[in-house]
Amino acid sequence: MEKLGLSPERPLVIVDVDEVLGLFMAGFGAFVAECGYELRFERFALFQNLYRPGAREPVDIAVGRELFNDFFAIGCGELEPAPGAVEALRRLKPHAEILILSNAPASAERLRGDWLKKHGLPHALILSSGPKGPITAALTAQSRGKSAFVDDLLPNLDSVAEHSPRTATFQHVADPRLRPLAPRSDKHPRIDDWRDLGEAIAAAIS
């Protein structure tokens, strides 16, 4: 934590980017449209929602992965922030250390860091892959304060609950078109309004 400029003496809030701080599906949809594809909102998934215009079947996974990697290499700096996210983190900042933990390719590091700076969001950033429980446990083990974790994906939330059980977990799905499709769990409060979410985080770490 100290290498990231974070104090171990304060509470730690760990926040995802895509569909939490940023409107990923909207940005990715615009990007793939420029590449001649379309993104539909049929499932809480990614590649299964990618189609060639007019097609009835999704594109091959390999095509989806190529578009995904290209987006993070050249397009992920164009995301719009999730409504209320910037303001909520600004209100939390005096009371906690905030770390951005994003599952994204290494090629996204510069663009993702620049995006955080552009929108006045916390600059402490870790890019990772896979379930987020182990890395969250390693981070919270260095902190002597309370901790909270926010993500849109239940597998990441469940992983954090398993590996760092004292960390308060919250689910947030930023895009209204995804919300009806996103699975829920009684184990993780689902709060899709950032003002309410910020208040819930503040209460959990106080």
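This briefing covers the salt bridges of the structure and the surroundings of one serine. The model is predicted, and the count of salt bridges in the model comes to 13. Among them is a pair formed by the side chains of Asp16 and Lys132, and Lys132 is also one of the residues in contact with Ser159.

**The Asp16–Lys132 pair**

- The side chains of Asp16 and Lys132 meet in a salt bridge with an N to O distance of 3.0 Å.
- Asp16 belongs to the loop between strand 1 (12-15) and helix 1 (24-34), while Lys132 belongs to the loop between strand 5 (125-128) and helix 5 (133-140), so the pair ties together parts that are 116 residues apart in sequence.
- Asp16 is buried at a relative accessible area of 6%, and Lys132 is likewise buried, with a value of 2%.

**Surroundings of Ser159**

- Ser159 sits in helix 6, which spans residues 154-163, and is buried, its relative accessible area being 7%.
- When neighbours within four places in sequence are left aside, the contacts of Ser159 are Pro131, Lys132, Gly133 and Pro134.

**Other salt bridges**

- Arg177 and Asp175 form a salt bridge whose closest N and O atoms are 2.9 Å apart; Arg177 is partly exposed at 46% relative accessibility, whereas Asp175 is buried at 4%.
- Asp192 pairs with Arg190 in a salt bridge, with the closest N and O atoms 2.9 Å apart, and here Asp192 is buried at 18% relative accessibility, as is Arg190 at 14%.

Note on methods: Residues numbered from 1 in each chain as written. Predicted model: local features only at pLDDT ≥ 70, side-chain atom pairs only at ≥ 80, totals over all residues. Heavy atoms only, no water. Helix = DSSP H or I, 4+ residues; strand = E, 2+ residues; numbered from the N terminus. Buried < 20%, exposed > 50% of the residue type's maximum accessible area, 1.4 Å probe, protein only. Contact = heavy atoms within 4.5 Å. Salt bridge = Lys/Arg side-chain N within 4 Å of Asp/Glu carboxyl O.
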